[in-house]
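Biologist: Hello! Could you walk me through this model, beginning with the ligand?

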Amino acid sequence: MPIPEPSSAPAPSSPPPAAPTPPSTIPVMLPWLGEEEAQAAAEVVRSGWVAQGPRVAAFERAFAEHLGVPHAVAVSSCTTALHLALIGAGVGAGDEVVLPSLSFIATANAVRYLGAVPVFADVEPAGGNLTPDTVRPLLGARTRAVLAVDQGGVPVDLDALTALAAPRGIAVVEDAACAAGSRYRGRPVGATAELAAFSFHPRKLLTCGEGGMVTCRDGELAARLRRLREHGMSVSAAERHATAGGASVLETYDEVGFNYRMTDIQAAIGLVQLGKLPAMVARRRELGERYRRLLGELGEHLVVDPPFGAGNLQSCWLLLPPGAPDRAVVLAELAAAGVAARRGIMAAHLEAPYRGTARVPLPVTELITARSLILPLYHALTERQQDHVVSVLRTILAR
Ligand SMILES: *Cc1c(COP(=O)(O)O)cnc(C)c1O
């Protein structure tokens with residue numbers, strides 16, 4: 001509530017008259033955080049151990065169990081998870097990695113961190129994902145891995161890509177940054193991958209501020225990834241502290257590692273969020289269906305589930321129909337009416353570090369990146385707010 005100005009306030013320092021209040025804005029995304037997460041974080045602070053420790057270990061176990069995979073390694077972000085996953089897949093300098101340009105730029109950057117070469121493949125129009133047909137022509141003698149993204153949470157057909165890559169000795173790594181809670185052939189996305197990377201940034205469903213997870217099936221690989229996230233140390237700091245006479249345990253450093261650790265504060269929040277994930281997905285899918293109904297014929301341009309899975313609607317995107325006004329105009333008019341929509345998924349090959357590097361035309365990527373619009377969708381979005389988004393969008397597109 002504004003504090004009333006005393007009427008005797010000296011005129012020269014008084015602020016200019018307030019501008020008319022803009023309509024309160026409906027954000028594109030809002031994390032579903034509450035008292036339980038606050039309590040969990042506070043407990044960690046009170047415990048005195050805030051770095052990577054027992055909560056991180058518990059979060060890893062819970063996440064692995066949720067997915068039905070043997071190993072989960074918590075890290076500081078999905079970007080660092082991708083870096084480690086690509087190392088785990090054996091990608092090194094000069095190797096080629098086939099991936100979609102249509103993705104958040106971190107996907108391509110992780111390839112560059114290793115001195116490897118991102119080779120951009122096009123995607124299918126319905127879900128924005130790689131397919132064997134778009135990947136096949138780009139596989140060659142130097143291809144070390146395919147990095148498959150679950151676009152905005154829409155599951156990619158990982159089995160089909162694996163069937164193409166595995167006989168050629170090419171690894172498949174899943175960038176499941178957006179896909180916690182999505183389903184693929186009856187199982188959680190990531191469950192069937194040799195290596196998958198997840199994000200816990202607030203723009204995704206499950207969040208702990210920042211954070212990521214690598215999941216894998218091989219125990220030795222998991223142990224190596226755990227060392228790599230902690231400077232290459234043979235014995236983790238948490239293990240040494242947990243040992244009586246820990247000072248006498250001498251760790252060694254057998255390869256160059258990183259500091260990619262998650263904190264126990266983040267993991268405590270993540271554990272609470274993981275428990276809420278099924279409810280988050282259910283509500284998002286309900287609201288997504290409602291968007292489709294309310295949008296009528298415009299709903300036909302809304303992102304859909306593939307036949308082999310169900311998305312978590314991390315991004316509820318719509319392809320602007322032919323004849324619609326320019327997207328910048330649509331976004332500006334939505335913003336003026338209090339709706340914070342966003343441009344759809346970016347394309348890395350149109351940004352400075354990757355400009356001119358595409359080896360094949362990417363027409364579907366360029367169409368989606370130019371014409372897609374992400375609609376507000378979050379757990380607490382009310383039906384009234386959703387009605388407002390739809391009515392504003394319809395008005396803009398009807399012209
Ligand atoms: C968000 C995102 C990332 C990066 O995740 P961070 O946790 O922010 O590092 C990587 N890939 C995709 C597809 C993403 O959407």
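Predicted model: local features only at pLDDT ≥ 70, side-chain atom pairs only at ≥ 80, totals over all residues.

Biologist: How many Å lie between a polar side-chain atom of Thr79 and an oxygen atom of the ligand?

Modeller: Thr79 belongs to the group of residues that come nearest to the ligand, along with Cys78, Asp175, Ser199 and Lys204. A polar contact needs N or O atoms within 3.5 Å. From a polar side-chain atom of Thr79 to the ligand oxygen, the distance is 2.5 Å.

Biologist: How much of the ligand's accessible area does the protein cover?

Modeller: Let's start with where the ligand sits, which is the largest pocket. Helix 3 (78-88) and helix 4 (106-113) each give two or more residues to the shell around it. On its own the ligand has 380 Å² of accessible area, and the protein covers 90%.

Biologist: How many residues in the shell around the ligand are charged?

Modeller: The shell has 15 residues. Six of them are nonpolar and seven are polar, while the charged ones number two.

Biologist: Which residue forms a salt bridge with Asp157?

Modeller: The whole structure holds 16 salt bridges. Asp157 sits in the loop between strand 4 (143-149) and helix 6 (158-165), and its partner is in the loop between strand 6 (183-184) and strand 7 (187-188), so the pair ties together parts 28 residues apart in sequence. With the closest N and O atoms 3.1 Å apart, the partner is Arg185.

Note on methods:
Residues numbered from 1 in each chain as written. Heavy atoms only, no water. Near = heavy atom within 4 Å. Polar contact = N/O pair within 3.5 Å; in protein donor to acceptor, adjacent residues only side chain to side chain. Areas by Shrake-Rupley, 256 points an atom, 1.4 Å probe, with all protein chains shown as cover. 1 Å grid on protein atoms, 1.4 Å probe; cavity = no way out; pocket = protein on both sides within 12 Å on 5 of 7 lines; lining within 4 Å. Sits in = over half its atoms within 2 Å of the grid points. Helix = DSSP H or I, 4+ residues; strand = E, 2+ residues; numbered from the N terminus. Nonpolar A, V, L, I, M, F, W, Y, C, P; charged D, E, K, R; others polar. Salt bridge = Lys/Arg side-chain N within 4 Å of Asp/Glu carboxyl O.
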